[in-house]
Amino acid sequence: MTRRRALSSAVARRLAAVATSGSWTRAAIAQRFEEIGTPDADRIATRLFDLLPTPPVEGVDSVYRLLSELPHIDEPAPVVEQPDHEWRFDVPKWTHTVAVAQAVGLTPAELDWFADPGEWLRNKAPTLQHYRYRIRSDHRLLEAPKERLREVQRRILTALLDRVPPHAAAHGFVRGRSVHTFAAPHAGRDMVVRIDLRAFFPSISQARVRAVFDSLGYPPRVSRVLTGLCTTSTPPDVLARLPFDTASRLRGSHLPQGAPTSPALANLVTYRLDRRLTGLARSSRAEYTRYADDLAFSGVDLAADRLISAVGRIAADEGFSVHPRKTRIMRAHRRQHLAGLVINSHAQVVRTEYDQLRALLFNSLRTGPDLQNRDGRSHFREYVYGRIAWIGESNPNRKRALLALADRIEWTG
């Protein structure tokens, strides 16, 4: 057991040298102490910084004298690396926050600023905040990280989150899966039930995100920093423009809708939900898939009301709520649709969308594409070919017909 006592002269001298070896901020000092295995590095750095809020004039000597006089500081212990068996999946083995800073291209002081552990920035001027905010017509808030934080989040996504597989039922924002793979298992079924989760991203709290990083094997301080980089709490002036129930969900720290890391983290947070709903579907001889906040079930002779009630209970138990007005029961004799695809026979884009794009291509051949670009899109050609790819993913014949028309157009951009 570690004894709590005044530091020896040698240890105080070592800590003083470390404290003065870089930038003089509480966060930077704490991270340097952490790197040499100092227990309670945050507390020691805080006490030291409170006593010396500006860089010491006498350098190491004045810091050494302060540390020598501070009672009840634990002796530094050697750094003990986590055993390999505690790590899950092939994630980067970041045991210290300085390793996180290096991986995402920040200095230790910048890492603390972007992680915002005290949620100081939510009350600062918009120029100091890390997000831009836009309220949609349905009162859904989009929280888009500014360029520097977006790049940090992209690095976390690529280096870490992309290496952790979601549940097989998750099809949204997963490489190799799409709305087509989400809808295809339900095509041609006697009954399809679609259920929507209310306020999907805001329902995922900071604590639930941190649990993901903890479960992957990251030490507490690293988990806290990673969580801070991937979550946010909405500023009061933005909350004031939202309905009360929406603002209530956004007041606490949560996953922002608009961050590159949010979809992957949401899929990992909902792993247990997907597993339980897959079990529920199997017990009903049904299929289950999920695309973000859209849940889909299908089968023959489903007891729909009982299924919907069970889904609501499981969702609530997992920290989510069902949006009852968006629940749909679709039988085979009527149009069945999921995520913009008609699935009565097989999953494909509705015929009217194909006809509209075909007409646009014909008109572009006749009058030129510029006159058909009525929304003034800067990359109109890419937009058209993107729509062709979307329609063609579920119907190769339609794709060939549309590409044959598009390839005859004289694109100007």
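**Entry 1: the largest pocket**

I began with the lining of the largest pocket in this predicted model, and I noted that helix α12 gives the most to that lining, with four residues. I then listed the elements that each supply at least two residues of the lining, and these are β4 (141-145), α12 (244-251) and α13 (262-269). For the volume of the largest pocket I wrote down about 680 Å³, and I recorded that, of the 30 residues that line this pocket, D138, R140, R198, A199 and F200 are the closest to its centre. When I sorted the lining of the largest pocket by residue class, I had 14 nonpolar, six polar and ten charged residues.

Between which domains does the largest pocket lie? I found that domain 2 (94-163 + 205-254) and domain 3 (166-197 + 260-345) both give residues to its lining, so the largest pocket lies between them.

**Entry 2: domains and the record**

I next wrote out the domain assignment of the chain, which gives domain 1 as 9-69, domain 2 as 94-163 + 205-254, domain 3 as 166-197 + 260-345 and domain 4 as 350-407. As a note on spacing, I put the C-alpha centres of domain 1 and domain 3 at 54 Å apart.

I also looked up the UniProt annotation, where an unreviewed entry carries "domain: Reverse transcriptase" over residues 95-343. For residues 95-343 I noted 41% helix and 14% strand, with the end C-alpha atoms 48 Å apart.

**Entry 3: the nonpolar core**

I turned to the largest nonpolar core, which has 59 residues, and I marked Y218, L229 and F297 as those with the most contacts inside it. Helix α15 (residues 304-317) supplies the largest share of this core, six residues. I wrote that this core lies between domain 2 (94-163 + 205-254) and domain 3 (166-197 + 260-345), because both of these domains give residues to it.

**Entry 4: the cavity**

How many cavities of 30 Å³ or more does the structure hold? I counted one, and for the largest cavity I noted a volume of about 190 Å³. Of the 18 residues that line the largest cavity, I recorded D116, Y131, T231, T232 and S233 as the closest to its centre. Helix α6 (108-115) and strand β3 (131-135) each supply at least two residues of this lining. By class, I divided the lining of the largest cavity into seven nonpolar, eight polar and three charged residues.

**Entry 5: backbone angles**

H139 has a positive phi of about 70° although it is not a glycine, and I located H139 in the loop between β3 and β4.

F173 is not a glycine either, and I noted for F173 a positive phi of about 60°. I placed F173 in the loop between α7 (147-159) and α8 (179-183).

Terms used:
Residues are numbered from 1 along each chain as its sequence is written. This is a predicted model: local features need pLDDT of at least 70, side-chain atom pairs count only at pLDDT 80 or more; totals for chains, interfaces and linings use all residues. Side-chain values use heavy atoms; hydrogens and water are left out. Domain bounds come from an automatic or database domain assignment. UniProt positions are given in the numbering used here, feature names are shortened, and annotations may be inferred rather than shown by experiment. On a 1 Å grid over the protein atoms alone, a cavity is a set of points where a 1.4 Å probe fits but cannot get out, and a pocket is an open set with protein on both sides within 12 Å along at least five of seven lines; lining residues have an atom within 4 Å of a point. Grid points are joined across faces, edges and corners, and a volume is the space filled by probe spheres set on the points. Ala, Val, Leu, Ile, Met, Phe, Trp, Tyr, Cys and Pro count as nonpolar, Asp, Glu, Lys and Arg as charged, and the others, Gly among them, as polar. A nonpolar core is a set of buried Ala, Val, Leu, Ile, Met, Phe, Trp, Tyr and Cys residues joined through side-chain atoms within 4.5 Å. Buried means under 20% relative accessible area, exposed over 50%, partly exposed in between (1.4 Å probe, protein chains only).
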